[in-house]
Amino acid sequence: DGLVDLTCTIPYFSHSDEGRSYKKEALWIFSVHGCVGRGTRGYLNKQKHVAPLKRNQFGLNFVGHSLSNQFLFCTMLRETSGENPGALQKLLQIFATDAEKLCTEGIVTSEGHRLWFLHLGTKGDLPALSKVGGFTRAFSNIVRAPRSRKACGGICHRCLAGQESDPSRGMHDHPFEDLSRAPSWVATMDSIDPWNSLPDLLKGVPRNPARPSEFFCFDIWHTFHLGIAKHWLGSCLVLLVESGLPVLSEMRSVEARFGFITEKYREFCRSNKISMWVKHIDRDTLVWPQSSACPVGKWNKGSASTTLMLFLGYFGERYIKNQIDDEKLSLIVTKLTSFFVI
């Protein structure tokens, strides 16, 4: 309707997470940051930021001091939240009211220019998204037994993955473990809202009516570094100690092989001046008490996954590549070749 000039509109994301206070108490944090920024180091090194305005793609919001591009809205101790059950939702309502005014009315600068601000989405790990969205479908609903008394309604806010069959409620099976080329849960994307009432963050904000849950964005860093990578790295490291790799062939026990890998890992971190968030690589680190167990990384620091990925790339280039004819080990090296850059 011409009420908002998109050429003078600044897009931004909100972000929620849980940190720790100086007294190590759980602290909920809600902040915002612009979508457009100064770019990344690679972006700046390639001089892409100096392109003429009409051809400038603009950069991601990565470079610069946090105080200049991350803006705090509020914090709240978990203890306070527990004592005041409605406090979190009240804070989100206040934020949503502000977001609506910034989008529809904007602000006028001291020079007389009007600017609008558009809340494009909110980010966070899965527990944070579930909390601010009030989801009825979340990963915490995952079934932990072969059969459950009540059919699971799903574990994802974007689709019905994880839903179990219940003819009386018109529910069909959509296994979340189905990772084929055409899993049944793909067709259920945005078919049923994951909430009983519209979340406060969505009130008054322009959004895609066909995909309302898209507003709650998956955080790729949490999903990969503290999710996929922990499973993948655990499996790769177990493959190494159970393989016939020449450098490990004289070591009879699994513990001795883990000891050798740990030694090389420490040498790698020291020579490249990388912090060792993980001190040892062993059965305990991978939650792998026996061969029949499914390994998964025990660490809770996202950058630990990055360090171990870099090390595995280095180890593969030095001790696996052209050393053994093993398809799985060769695939590990192939996948990590482009990642291993120090």
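## Strands around S7

Strands here are DSSP runs of E, at least two residues long, numbered from the N terminus, and two of them pair if DSSP finds at least two bridges between them. With that in hand, let's look at this predicted model.

Start with S7, which covers residues 114-124 and pairs with S1, residues 9-20. The two go in the parallel sense, with 7 bridges. Take Thr9 as an example: its bridge partner in S7 is Trp116. S7 also lines up with S8 (residues 216-218), again in parallel, through 3 bridges. There, Gly124 has Phe218 of S8 as its bridge partner.

S6 and S7 make up a hairpin, with 5 residues between them. In the turn you'll find Gly112, whose phi is positive, at about 95 degrees.

## Where H7 meets H8

Now for a pair of helices. H7 spans residues 254-271 and H8 spans residues 302-320. Their axes come within 10 Å and cross at roughly 110 degrees. Angles of 65 to 115 degrees count as roughly perpendicular, so H7 is roughly perpendicular to H8.

Which residues make the contact? On the H7 side they are Phe260, Ile261, Lys264, Tyr265, Phe268 and Cys269. H8 brings Thr307, Leu308, Leu310, Phe311, Tyr314, Phe315 and Tyr319. Sorted by class, the contact of H7 with H8 has 11 nonpolar residues, 1 polar and 1 charged.

Definitions and conventions. Residues are numbered from 1 along each chain as its sequence is written. This is a predicted model: local features need pLDDT of at least 70, side-chain atom pairs count only at pLDDT 80 or more; totals for chains, interfaces and linings use all residues. Side-chain values use heavy atoms; hydrogens and water are left out. Helices (H or I, at least four residues) and strands (E, at least two) are DSSP runs, numbered from the N terminus. Axes are lines fitted to C-alpha atoms, for helices over the stretch in contact, and angles run from 0 to 180 degrees between N-to-C directions. Angles under 35 degrees count as roughly parallel, over 145 as roughly antiparallel, 65 to 115 as roughly perpendicular and the rest as oblique. Contact means heavy atoms within 4.5 Å. Ala, Val, Leu, Ile, Met, Phe, Trp, Tyr, Cys and Pro count as nonpolar, Asp, Glu, Lys and Arg as charged, and the others, Gly among them, as polar.
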